[in-house]
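Student: Hi! Could you walk me through this model?

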Amino acid sequence: MTLFLNQLINGLHVGSIYALIALGYTMVYGIVRLINFAHGDILMVGAYTAVVLTTMLGLPFPVVVVLVILVCVLFGVLIERIAYKPLRSSPRISSLITAIGVSMLLQNLALLIFTPTPKPYPFSLNIPPLSIGGLQIGFTTVLTIVVSAALMILLQVLVAKSRAGKSMRAVSEDYDAAQLMGINVNTTITFTFAIGCALAGIGSVLYGLAYPTVSPTLGSLPGLKAFIAAVLGGIGIIPGAMLGGLIMGLAESLTKAYISSRLSDAVVYGILIVVLLFKPSGLLGRRTREKV
Amino acid sequence: MLKVDQLNLYYGAIHALHDISFHVNEGEIVTLIGANGAGKTSILYALSGLIPCKSGEIAFDGQDIRKVPAHQLVTLGLVQVPEGRRVFSRMTVMENLEMGAFTRKDRQEVDRDFYMVFDHFPRLKERRRQAAGTLSGGEQQMLAMGRALMARPKLMMMDEPSMGLSPILVQEIFAIIRGINADGTTVLLVEQNANMALSIAHRAYVLETGDIVKDGPASALLQDEDVKKAYLGT
């Protein structure tokens, strides 16, 4: 029972990180119908930012976190402006290929600047684990789950209630109609990329605390898994990304504990295939049928 | 209020609008009638800044608006109810109306305008918490119009408000358009239903494959033999 609960908590830990990253994929897809394959690499950008800021400038952890978020937002916004915006009215395959290109560009830049030799993540939280009813839960785990949950609630409220959130929903439904309301589509898209990348920035800190090795390909695997999480939950649907991330994390950690650690990825992808067979739009995906 | 001069518009190599000139005076209902594909929607899209025009001038309230980005035209008072309603189907009726008032800063006045819209369209009030996609076609048309009213337009441009609606609903919608105009909003109405459009408009222009071929008082065009034959089915 203790093993099961521990694995459950581990699953929630990784799953929360997947969910944070998946939100970036799904929000961007929802508004520009683009799978931003460079999104995972924003995680890597965030991790190296943390390395540079601490080893070269010796800044304290909280300051680094804020700067990491800002740098990730800056990268996301610049990528959108430079690489995706000029292609907005081109066929979708063009921007998809561009996204893969941007991903490779970022990884190779990191390879060039930081060499392939992994670097240690500059922080770890040396806070004793919490014991709750006989369970020992690492502080990083608690922090990750709490921070992610809070961010997801905040995001839901933002999208449902705020002016910016409503304009995002309007733009995601109909560019032209949104413009006829006086909504600036470009600003709204920039804002969406900014939010997605801010979440990835926070995700990169949480990921670094959990897996403290920084390499140029750091973003690939969590990026891929988060993308799958987004598809699993229903791409373009915010609660879907959260659900998908958590399911992926849980499936992964329970497979590792009870079946085989080598099979964990296979099980995760297997779940995706099964879900898509029965519900191609994802778990929370909707089949839109509108009256004309 | 609106003056369009020698407007030309291309879709790739296709010359869609040829030297279109017309004007709308304050307080009027002006209608552009014509068959499917005549270029009516293109004119409204060009006026709203959604498609760029090759040459020509568009002046609104004396200001040249050809270079003004689409999303800023609403602030000037130029608001469009697009063809096919284009309501935000996953947002509620109330949220759709809020989107109409997106550029406005006068919160209290906006709150009052919700009641103004519900006065014009009582059915929207009953359904204000419903997703717009679940409304009937007529209700969606009402929502699209209410949404535009929330912007407090000086000139409201309507594209085919009768499309896909039953004759009774069409009557109702046109009565409301007349009411909106009587309340002080100038209206530019694009319609295939020439009979209805001419019956409420002050003046009209007849559009044929990108050219304005006739214009005059709506009452005169209702009696015009060519118009009767081509558009009124009598």
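Tutor: Happy to; we'll take a strand and then a cavity. This is a predicted model, where local features need pLDDT of at least 70, side-chain atom pairs count only at pLDDT 80 or more, and totals for chains, interfaces and linings use all residues. Residues are numbered from 1 along each chain as its sequence is written, chains are lettered from A in the order in which they are written, and side-chain values use heavy atoms, with hydrogens and water left out.

Student: How many residues of β8 in chain B are buried?

Tutor: For this strand (a DSSP run of E, at least two residues, numbered from the N terminus), 6 of the 6 residues in 186-191 are buried, meaning under 20% relative accessible area with a 1.4 Å probe, protein chains only.

Student: And which way do they point?

Tutor: Thr186(B), Leu188(B) and Val190(B) point one way, while Val187(B), Leu189(B) and Glu191(B) point the other way.

Student: What is the bridge partner of Ile33(B) in β8(B)?

Tutor: That's Glu191(B). Strand β3(B), residues 29-34, runs parallel to β8(B), joined by 5 bridges; strands pair if DSSP finds at least two bridges between them.

Student: New topic: how much space lies in the largest cavity?

Tutor: About 40 Å³, counted as probe spheres set on grid points joined across faces, edges and corners. A cavity here is a set of points on a 1 Å grid over the protein atoms alone where a 1.4 Å probe fits but cannot get out, and lining residues have an atom within 4 Å of a point.

Student: Which residues line it?

Tutor: Among them are Gln179(A), Leu180(A), Ser48(B) and Leu73(B).

Conventions:
Buried < 20%, exposed > 50% of the residue type's maximum accessible area, 1.4 Å probe, protein only. Helix = DSSP H or I, 4+ residues; strand = E, 2+ residues; numbered from the N terminus. 1 Å grid on protein atoms, 1.4 Å probe; cavity = no way out; pocket = protein on both sides within 12 Å on 5 of 7 lines; lining within 4 Å.
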